[in-house]
Amino acid sequence: MIIRTGIALFGVVASMTGIAAEKVACTDTDIPQIEARFTAWNNALQTGDAQQVAALYTDDAVLLPTVSNQVRLTNDQRIDYFEHFLEKKPVGEINQRTVRLGCNTAIDSGIYTFTFSDNTKIQARYTFTYDYVDNQWLISSHHSSAMPEGQS
């Protein structure tokens, strides 16, 4: 797994350069716990409260949203995005996913579909990266892009 390799490599480089590498305690998790993070995020969408959705992200999270060309790097920018997105009353559903676990990090990627209050739908590819911060799993990056028309 790339994440574990990166951590191991950091330890080797740190010891070679004389830098004391701080030992990190890895939090136990499993795939269902990470899958539940999407459910929590989708439930936050149902509240219609952009601040509640944004609270699921780390302070420095990167949001590359489905229906906006603007990268959202701050909490205020994420709230702004969700205020507009939530007007459409989206409900998300996972169609396909792969979850990978690392030390205090996890990646959930796949395909999801949003259904809006006017019954329109948009299918998109997604990646959520989670970091374990302050005893909770938070979204550290979220990329979502609509599926190209006519592609399979």
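The model is a predicted one, where local features need pLDDT of at least 70 and side-chain atom pairs count only at pLDDT 80 or more, while totals for chains, interfaces and linings use all residues. Residues are numbered from 1 along each chain as its sequence is written, and side-chain values use heavy atoms, leaving out hydrogens and water.

On to the overall layout. The protein chain has four helices and five strands, taken as DSSP runs numbered from the N terminus (helices: H or I, at least four residues; strands: E, at least two). Along the sequence they follow the pattern α-α-α-β-α-β-β-β-β. Of the 152 residues, 36% count as buried; here buried means under 20% relative accessible area, exposed means over 50%, and partly exposed is anything in between (1.4 Å probe, protein chains only).

The five strands make an open sheet in the order β1-β5-β4-β3-β2, with mixed pairing. Two strands count as paired if DSSP finds at least two bridges between them. β1 (57-64) and β2 sit at the edges with a single partner strand each, so one side of each has no neighbour in the sheet. From one strand to the next, the twist averages 20°. α2 packs on this sheet and touches β1, β2, β3, β4 and β5 (136-146), its direction making about 150° with that of β2. Such angles run from 0 to 180 degrees between N-to-C directions, with axes as lines fitted to C-alpha atoms, for helices over the stretch in contact. Helix α4 (residues 75-86), for its part, lies across β1 and β3 and runs at about 55° to β1.

β3 deserves a paragraph of its own. This strand is mostly covered, with eight of its eleven residues buried. β3 runs antiparallel to β2, and ten bridges join the two; one of the pairings sets isoleucine 94 against tyrosine 112 in β3. The β2-β3 hairpin has three residues between the strands, and asparagine 104 there takes a positive phi near 60°. With β4 (residues 121-133), β3 is again antiparallel, this time through eleven bridges. Isoleucine 111 has arginine 125 in β4 as its bridge partner, and threonine 115 stands opposite lysine 121 in β4. Five residues separate β3 from β4 in their hairpin, where asparagine 119 in the turn has a positive phi of about 70°.

That leaves the disulfide, defined as a pair of cysteine sulfur atoms within 2.5 Å. The count by this rule is one: cysteine 26 is joined to cysteine 103, S to S 1.9 Å. The link between cysteine 26 and cysteine 103 is left-handed, with -100° about the S-S bond. Cysteine 26 lies in the loop between α1 (2-16) and α2 (31-47), and cysteine 103 in the loop between β2 (91-101) and β3 (105-115), so the pair ties together parts 77 residues apart in sequence. Cysteine 26 is partly exposed at 47% relative accessibility, whereas cysteine 103, at 18%, counts as buried.

Conventions:
Contact means heavy atoms within 4.5 Å.
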